[in-house]
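Hi,

Here is the structure I promised to pass on.

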Amino acid sequence: MPSSRRTFLAGGAVAGVGLAVAGGIPSLAQAHPGRPRPPVRPGHLPFPPLVDDPDGILALPAGFRYTIVTRTGATRLDRGQGVTPAEHDGMAVYDTGRGRYTLIQNHECDPGTEFGVPHVEGTVYDPGAVDAGGCTVIRTDRAGRNHGEFVALSGTVANCAGGPTPWGTWLTCEETEDRAGDEWEEGGRSGVFQKDHGYVFEVWADGSADPRPIKCLGRYAHEALAIDKERTRIYLSEDADEPNGLFYRWTAPLGVRLGPGVLTRLAPDAGVLAAMQIIMDDGSVLPDVAYLTSAQLGRPFPVRWIEVPERDARTTPIREQFADGQVTRGRKFEGVWGTDEGVYVVNSYAWEEADLPADAAPHDGMVWFYDYRAETIQLVTYFPHQAQSEEGTPTKYSDLTFDGPDNVTVTPWGSLLLAEDGSGSSHVLSAIPGGPTYAIARNQLNDSEFCGPTFTADGKVLFVNMQDPGLTLAITGPWEKYLG
């Protein structure tokens, strides 16, 4: 199908100054002894207000434009494979030169989904997971034109997020704990899983599929991950409840440095998979992240890691292998993104009775930064809880009040982008660690979440997904003016 384009030129452009993050997050007390430094420089201005889209799809600031790259059930796959699958989610972009890009995209589909990822020979993990999740590879350019799409992984389930690798592949995460022999039913169809699920898989941009699970990273409801610059450790999040999920670190065996295909070849028990413990002043383990609030913004807390007893969860889910108070739990550990200095991780929300301990504080979103060298974690963004989150209705000033951050990425200028999966209006957000958060796009079509925001390395194009009705969008405009 032809690409769709909408340009926003109403109103005047306003120059803004972003804050590049040095050493992971901005220091709050370096300018003058005893006087905290403000988290943004003098003269900083916010993004311009969002302008409603005449086509009713995506509200953007003046001077920005979008193109629809793929659309579920409409754009076609290469090689007669069918049409673009549903439930677009996590995604990475790779520069292939001359203004061309390759996207690797997750599809968070359960078996039997209309427009699930079709089984293509050589890409199938579980033949029993029919029309389920997987990954496609999309070729596009700076204008967002569709130059083709094909299946790279199929027969997986609920491929949510994941993370790019330094060597140019994509690690996709199954957010499920389905087991071989479990039955599924959807839309009048049914089947039986032939293999266990809840793993990470490596996906190749050139289409050379290798549908083998990376078992050393554990079997649980994986959400996202990031690899450190030494290529010896991976940080992973778990989106789960009853009990709440955990934040993990996997350490490679001595002498192993990660590269293409290395993880897939490792033994299921290779390396050490461990869960995070946030340590309090008295030496105890913080039982849940919800005990910390905006009052602790910027304060570093020591972190220790405790080894997972049985990472393939043959009889007991990993998060249930630890007693309460032994690890630090969190409702909806979501997006993860790494820098040279550390890694960001998001907790999306916690306000229902089962989401957090009874004496902890409800919240509508947290962003953390874990410092590799210091082995500390600190809260850098906090969204207080609001009643509208429970009602599912937009706030009066919907482009100023946010909830449910999910995927996270670091822009080429060091600030953060967050994709909302909350109540009411859904946004793509620009967030300055320790500073303000701005709406840079709003879903004007429905209340579906945004997923997989990712910038090209040159900062020219932001690619992002709208999960329902399944759109991949290329957004261009004066990004550096406001973020650089």
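Let's start with Tyr 235: setting aside neighbours within four places in sequence, its contacts (heavy atoms within 4.5 Å) are Ala 224, Leu 225, Ala 226, Asp 228, Phe 247, Tyr 248, Arg 249, Trp 305, Val 336, Val 343, Tyr 370 and Tyr 372. Keep in mind that this is a predicted model, where local features need pLDDT of at least 70, side-chain atom pairs count only at pLDDT 80 or more, and totals for chains, interfaces and linings use all residues. Residues are numbered from 1 along each chain as its sequence is written, and side-chain values use heavy atoms, with hydrogens and water left out.

Tyr 235 sits in strand β15 (strands are DSSP runs of E, at least two residues, numbered from the N terminus). With a relative accessible area of 1%, Tyr 235 is buried, meaning under 20% with a 1.4 Å probe, protein chains only. Pro 260 is 25 residues from Tyr 235 in sequence, and their C-alpha atoms are 18 Å apart.

Next, Arg 319. You'll find Arg 319 in the loop between β18 (301–307) and β19 (333–338). Arg 319 also counts as buried, at 7% relative accessibility. Its side chain makes a polar contact of 3.2 Å with that of Glu 177 (a pair of N or O atoms within 3.5 Å; within protein, one must be able to donate a hydrogen and the other to accept it, and residues adjacent in sequence count only if both atoms are side-chain atoms). Beyond four places in sequence, the residues that Arg 319 touches include Glu 238, Asp 241, Glu 242 and Arg 329.

Cheers

Note on methods:
Helices (H or I, at least four residues) and strands (E, at least two) are DSSP runs, numbered from the N terminus. Buried means under 20% relative accessible area, exposed over 50%, partly exposed in between (1.4 Å probe, protein chains only).
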